[in-house]
Amino acid sequence: MNKQQLAAKIWESANQMRSKIEANEYKDYILGFIFYKYLSDQLVQFVSKEGMTADDIKSLTEKDTDTVKFVQSNLGYFIAYDNLFSTWIDPKYEFDESNVRDALSAFSRLISPTYKKLFEGIFTTLETGLSKLGESAGKRTKAISDLLDLIKSIPMNANQGYDVLGYIYEYLLGKFAANAGKKAGEFYTPHEVSVLMSNIIAHELKHKNTIEIYDPTSGSGSLLINIGEAFQKYAKNKDCITYYAQELKANTYNLTRMNLVMRGIKASNIKTRNGDTLEDDWPYFDDSDPQGTYHALHVDAVVSNPPYSQNWDPSFKENDPRYSRFGLAPKTKADFAFLLHDLYHLKPDGIMTIVLPHGVLFRGGEEGEIRKQLIEQNHIDTIIGLPANIFFGTGIPTVILVLKQKRQNTDVLVIDASKHFIKEGKNNKLQTSDIKRITDAVINRESIDKFSQLVSKQTLRDNDYNLNIPRYVDSAEAPQSWDLHATMLGGIPNSEIAELQHYWQTFPELRSTLFTAKSAAYSELAIDKKDVNRTIAKHPQVLAFIDAYNQAFNGFDAHLNTQLIENWQSVKRNQCESALSTELFNRLTSINLIDKYQAYQFLSDQWQIIGADLEMMQTEGFAATKQVDPNMVIKKKNGQDTEVQEGWRGHILPFDLVQQTYLNDALQALAEKETRLAEIASTLEEILESLTEEEKEQDTIKDSQDGFANAEVSKVAKIFLKEQKDSKIKFTEDSYEYKMIQTSRLIDEEKTLKKAAKEAATALHLKTKATIEALTDEQVNNLLYLKWITPLCSELATLPNAVISQLTNQVQSLADKYAVTYSQVANDIKTTEQELAQMLSELTGNEFDMQGLAELASLLKGE
């Protein structure tokens, strides 16, 4: 299975195994063991490359001081054979909880002094938490064994491009965060927000050969890692980035270190501290050499998602260089304390992004004064309002602030992205198209209606330095208004037709085709309302628009085929999606009305599939496309969840695609059988429903599931058939006897057909397996085209029709809005009242009824 499937499987199993343990705690155990596996496997790979045989590795002990020092000098740590992860899961090895405790203790003891800051205490959370995995040593051993068995399938491939471990680690972090409620905010920034911040920073720094980046509230370390990955799209090598991280909570600090190490980052490029950022600031120095390693920390980029509006102690910090230029944040809200801390640590050409609650934009007092100084000193570059409920554990709206130490421009870009998200469970989530829309606006510094606005410093002064987003960007939908004249007298206001001006700019003649003037200020439909759709769709300018769009994408499929399939080996996956998006946008440059970000979303969604397949192909070779794997599923066996094989599945090429392409006759034959089975089931249901309750109980033909009891139906049908033959009578179609005979025949046909369908499905399944394994390279390329390129081109082809559909709906809505005037409604009401009064006059009743009816009639007549 690919890394996405493996991650999902591990999460599902882990969630079942954790039982009553809180998700936020259980993550420390599983992620700790994943990290230990990584270090263990790294050591085995290293000594194997150095020439050690399997037998040599079995003799690894800490008594061999020369080998210990050699391994330590290269890896920073040493693990003896008895403590290796691979030894623990060896069936011949008698594993016990104490093995883990001994191994973790030995690891701490055998850290190289040079790497002490990186590795010391990294397993403390795991070591101290083992006791929570069970009440007895036996239960703890069982729980740990289950965990080891779960993660043993994660490959620790030496090819860093095939980053399975890092992907799974990040996947599990996100899943644990989603299940940890408010506690999630302590360690996790949603991936999409992290990517947005990283893309902004990476683009700013793309001209640099080496960079230093810093997160003062690092949590899991995902923000730093995402910046690193984003910058690598521009960098010449991955070792040109130095990572600085500080985190207050020890267990979360350990997550940072693990995450950074497992991404294959050189140990010398990782600088981490466990401490209170506001109270215990850098400069950085190594405890083993304070004077030699001392240097003030100023970096190219700072990124952070600090705890929101927490208390802090500003006492005696008036002269702290972080705050002396701007003032101190109030003690009940540390938001600006974190922001100023980040700004202080920037180099002169540095950039920072920080996530904070909306309140920092408009709160007064000390915060208002700090905000004023930041604006006047030209540090605030961009404000991005995020959707509410985007972070785990809190629904409060948040903003990303982009600041720079020095800027050429003096305006501030304000972006309202609060409406740009999709719903996912309880949370809102940025789509990749939302991230790109925001990033492009930041890079291009664009003012876009209802989305972004460049605001001058003078305007900010005029607004008393209040940065509240709605003051500058109105993203709210305009409330629906009604024209009084049109409501009373009919017609469609020209002003409302003009609101569709963006359509009329592309289709200038279409407006006069659809509308005709009624007066100077009002129009009416020039065609019958039912012809609106056809008139728009067939209009020459609309047809020309569709043709121009198709011409713009002429050859796009061939371009994708060349880039992705013919040259699959040379595709740079971390740069390819960006290059394809540029190609996509270039083709859309001259096409109005099309939402280029919707087109990008189609590309991005499809790239998830293409990128995953390319990763496997480039790592495992082209032969991976012809590989078939056992399809493993979880089934209950003796009350336990057990993994069993249920057929086969394509490693890269899906069975259904292969069947549709190369085994269509067999697929259609099977489909015909399944269709006939569905028809039989429907007919049997209709017959059963047509029977009376007495008939259903007769001869016990109904089973406990409210279906037919097949054996009893067969017996009854045989009796009726014999009776029909002997007496030579013909039962009518609505008779009980006829229905039983028909039911019996259908049941027999169903039984035969089910067997045939099952055999055909099995045969098709095995034939598909054999077909994939025997595919020619040309056939593989054809299937990759159908899997990767055809769906994308098909989705892109829908965009012009979506525009036409939107225009049609809006024109029809305009026509409906004023189709009936108020006077027509009033006349209809008056006519109805008169008709009702006339009907009342024809009614009879006693003296009191008549008095009541007379009063009602008077009211209806307006008397």
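Two residues are in contact when they have heavy atoms within 4.5 Å of each other. Keep that in mind for this predicted model. Take the contacts in the chain between residues at least 6 apart in sequence: 73% of them join residues at least 24 apart.

Start with the whole chain. The chain has 863 residues, and 47% of them count as buried. There are 36 helices and 16 strands. Along its principal axes, the C-alpha trace spans about 110 × 90 × 65 Å. The chain exposes about 42400 Å², and carbon and sulfur atoms supply 49% of that area.

Now find the sheet. Strands of a sheet pair through backbone hydrogen bonds, either parallel or antiparallel. Here 9 strands form an open sheet with mixed pairing. Read across it, the order is E3-E2-E1-E4-E5-E7-E6-E8-E11. The edge strands are E3 (270-274) and E11 (452-455), and each of these pairs on one side only. From one strand to the next, the twist averages 15°.

Look next at strand E5, residues 346-357. On one side, 5 bridges join E4 to E5, and these two strands run parallel. Val 303 stands opposite Thr 353 in E5. On to E7, residues 398-404: 7 bridges join E5 to this strand, and the two run antiparallel. Ile 351 stands opposite Lys 404 in E7. How much of E5 is buried? The count is 9 of its 12 residues, so E5 is largely enclosed by the rest of the structure.

Helix H12 (residues 222-231) lies across E1 (211-215), E2 (241-247) and E4 (299-304). H12 runs at about 155° to E1. Helix H13 (residues 250-262) lies across E2 and E3. Its angle to E3 is about 175°.

Turn now to the nonpolar cores. In soluble globular proteins, nonpolar side chains tend to be buried together. The largest nonpolar core in this chain has 110 residues. Those with the most contacts inside it are Ile 30, Phe 33, Phe 35, Leu 39, Leu 43 and Phe 119. Helix H2, residues 23-49, gives the most to this core, with 14 residues.

Pick out Phe 35. Which residues does Phe 35 touch, not counting those up to four places away in sequence? They are Phe 119, Ile 122, Phe 123, Met 258, Val 261 and Met 262. A second, separate core has 64 residues, including Tyr 549, Phe 556, Leu 584 and Met 617.

Ile 21 lies in the loop between helix H1 (3-17) and H2. Is Ile 21 buried or exposed? Buried means under 20% relative accessible area. Ile 21 has 15% relative accessibility, so it counts as buried. Not counting residues up to four places away in sequence, Ile 21 touches Tyr 26, Tyr 29, Lys 132 and Leu 133. Consider the last of these partners. Ile 21 and Leu 133 are 112 residues apart in sequence, yet 8.1 Å apart in space, C-alpha to C-alpha.

Definitions and conventions. Residues numbered from 1 in each chain as written. Predicted model: local features only at pLDDT ≥ 70, side-chain atom pairs only at ≥ 80, totals over all residues. Heavy atoms only, no water. Pairing = 2+ DSSP bridges. Helix = DSSP H or I, 4+ residues; strand = E, 2+ residues; numbered from the N terminus. Axes fitted to C-alpha atoms, helices over the stretch in contact; angles between N-to-C directions. Buried < 20%, exposed > 50% of the residue type's maximum accessible area, 1.4 Å probe, protein only. Areas by Shrake-Rupley, 256 points an atom, 1.4 Å probe, with all protein chains shown as cover. Core = buried A, V, L, I, M, F, W, Y, C linked by side-chain atoms within 4.5 Å.
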